[in-house]
Amino acid sequence: MNATRDLVANYIRSWNEADPRRRRALIENVYAEHAVYTDPLAQARGRDAIDATVEAVQGMFPGHVFTLAGEVDAHHDLVRFHWHLTAAGADEPLVIGFDVAELDQGRIHRVHGFLDKVPMAA
């Protein structure tokens, strides 16, 4: 389970990493080569598209930080976790969601993202 927690921690780090090279290194370590990321607002196939999606989200929410919100729950090759997107210094998250990820050989193969709280402009 520790490896799965570490994978999720690096997944969250990848959404926060602003340096393109460091972010890409995280993405390479977290995602399988042909991984798919899907949420209600985006679908990305492959590491390049996932990287572009992360960069676009960072552009939409400058100064905001993703954090893990609660425990990581996993069984077999599945993992689920809740997360918050919060402005620096804010008490309440702007966006709340949870992701379910399918794993393949220790990397994320597919992410199914759900948004519980989204600002009206999104």
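**Exercise 1. Sort the residues that line the largest pocket by class, then find where they come from.**

Solution. By class, the lining holds 17 nonpolar, one polar and two charged residues. Here Ala, Val, Leu, Ile, Met, Phe, Trp, Tyr, Cys and Pro count as nonpolar, Asp, Glu, Lys and Arg as charged, and the others, Gly among them, as polar.

A word on the source: this is a predicted model, where local features need pLDDT of at least 70 and side-chain atom pairs count only at pLDDT 80 or more, while totals for chains, interfaces and linings use all residues. Residues are numbered from 1 along each chain as its sequence is written, and side-chain values use heavy atoms, with hydrogens and water left out.

Next, look to the centre of the pocket: of the 20 lining residues, Trp 15, Asp 39, Leu 41, Val 57 and Phe 61 lie nearest to it. A pocket is an open set of points on a 1 Å grid over the protein atoms alone, where a 1.4 Å probe fits, with protein on both sides within 12 Å along at least five of seven lines; lining residues have an atom within 4 Å of a point.

**Exercise 2. Decide whether Pro 40 is buried or exposed, and list its contacts.**

Solution. Start with the relative accessible area, which is 59% for Pro 40. Buried means under 20%, exposed over 50% and partly exposed in between, with a 1.4 Å probe and protein chains only, so Pro 40 is exposed. Now leave aside neighbours within four places in sequence: Pro 40 is in contact (heavy atoms within 4.5 Å) with Gly 113, Phe 114 and Leu 115.
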